[in-house]
Amino acid sequence: MEVKVSLIITCYNREKFIFRAIRSALNQTINKNLFEVIVVDDHSSDNSINIIETFSDKIIVIKHEKNLGLPSARNSGIKAALGRYVVHLDSDDYVHPELLKIECMFLDLNIEIGAVSCDYFEVCSDETIRKRKSGIDYPIACGIMFRKKHLIDLGLYNEEMLMCEEEELRKRFEKSFKIENIKLPLYRYTKHAENMTNDKKLHSEYKKKL
């Protein structure tokens, strides 16, 4: 049976969260033969890779020999993906069991749409829900299912954009393809002290590059 969807998890020093992310990916209700889980470890210096490898019989593991940054890790996952659709999951986040099934069905039935996002819950580290957010009004990089061929045609993520890489890609993507949003909170975005976007100065620098 053809692999239809590739769920890609990128990880760098997320030993506190990576088990949960992988578990939520493997617990998807879509037919197990229709999707694959790819985990890209961007040369973590903590215990992340050992946790990842406990799942090695169920997932595809890609290990970077040096730390290359988030967009490079995302690109490694896409290049290895067998699915016609790809969706990203950050290693400190997790997803609803129906995410792949619902978004895959949406793209199957709407061939003119290039990608589909979803609403999401912003949660604390202990999984307490803080607020619900719209995938249209407050877009994030993950939980969006793309047609892989479109990402390839665009040249994938800009590896020089070490932050705001999703915004830069989305700008290019939406010049040629449409992104729709499903009003279901299928993604869980974890807010914690180590979020990359907490570095306001660095975030501002990459915002200017957009």
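Asn13 is partly exposed, with a relative accessible area of 21%; here buried means under 20% relative accessible area, exposed over 50%, and partly exposed in between (1.4 Å probe, protein chains only). Asn13 lies in the loop between strand S1 (5-11) and helix H1 (18-26), where helices (H or I, at least four residues) and strands (E, at least two) are DSSP runs numbered from the N terminus. Although Asn13 is not a glycine, its phi is positive, at about 55°. Most residues other than glycine have a negative phi.

Leu156 is not a glycine either, and has a positive phi of about 65°. Its loop runs between helix H5 (148-154) and helix H6 (165-176). Leu156 counts as buried, at 8% relative accessibility.

## Model and confidence

This is a predicted model, in which local features need pLDDT of at least 70 and side-chain atom pairs count only at pLDDT 80 or more, while totals for chains, interfaces and linings use all residues. Residues are numbered from 1 along each chain as its sequence is written, and side-chain values use heavy atoms, with hydrogens and water left out.

The mean pLDDT (the predictor's confidence in each residue, from 0 to 100) is 91 for the protein, and 90% of its residues reach 70 or more. Over residues 198-210 the pLDDT is below 50, yet this stretch has 21 contacts in the model beyond near neighbours in sequence; a contact means heavy atoms within 4.5 Å. Where pLDDT is low, the predicted coordinates should not be read in detail.

## Overall architecture

The protein contains seven helices and nine strands. Of its 210 residues, 54% are buried. Among contacts between residues at least 6 apart in sequence, 76% join residues at least 24 apart.

Helix H3 (residues 70-80) is mostly covered, with eight of its eleven residues buried. These are Leu70, Pro71, Ser72, Ala73, Arg74, Asn75, Gly77 and Ile78. The elements covering the buried residues of H3 include S1, strand S2 (35-41), strand S3 (60-63), strand S4 (85-90), H5 and H6.

In helix H4 (residues 99-109), the buried residues include Leu99, Leu100, Glu103, Cys104 and Leu107. Viewed down the axis of H4, its buried residues fall within an arc of 105°, so they line one face of the helix; the arc is that of the directions from the helix axis to the C-beta atoms.

## Lys58

Lys58 is located in the loop between helix H2 (48-53) and S3. At 53% relative accessibility, Lys58 counts as exposed. The C-alpha atoms of Lys58 and Ile38 are separated by 9.6 Å, the two residues being 20 residues apart along the chain.

One cavity of 30 Å³ or more is counted. A cavity is a set of points, on a 1 Å grid over the protein atoms alone, where a 1.4 Å probe fits but cannot get out; lining residues have an atom within 4 Å of a point. Grid points are joined across faces, edges and corners, and a volume is the space filled by probe spheres set on the points. The largest cavity has a volume of about 50 Å³.

The lining of the largest cavity consists of Ser117, Cys118, Tyr120, Gly135, Pro139, Ile140, Cys142, Gly143, Ile144 and Tyr187. Strand S6 (residues 115-123) gives the most to this lining, with three residues. The lining residues divide into seven nonpolar, three polar and no charged, where Ala, Val, Leu, Ile, Met, Phe, Trp, Tyr, Cys and Pro count as nonpolar, Asp, Glu, Lys and Arg as charged, and the others, Gly among them, as polar.

Methods:
On a 1 Å grid over the protein atoms alone, a cavity is a set of points where a 1.4 Å probe fits but cannot get out, and a pocket is an open set with protein on both sides within 12 Å along at least five of seven lines; lining residues have an atom within 4 Å of a point.
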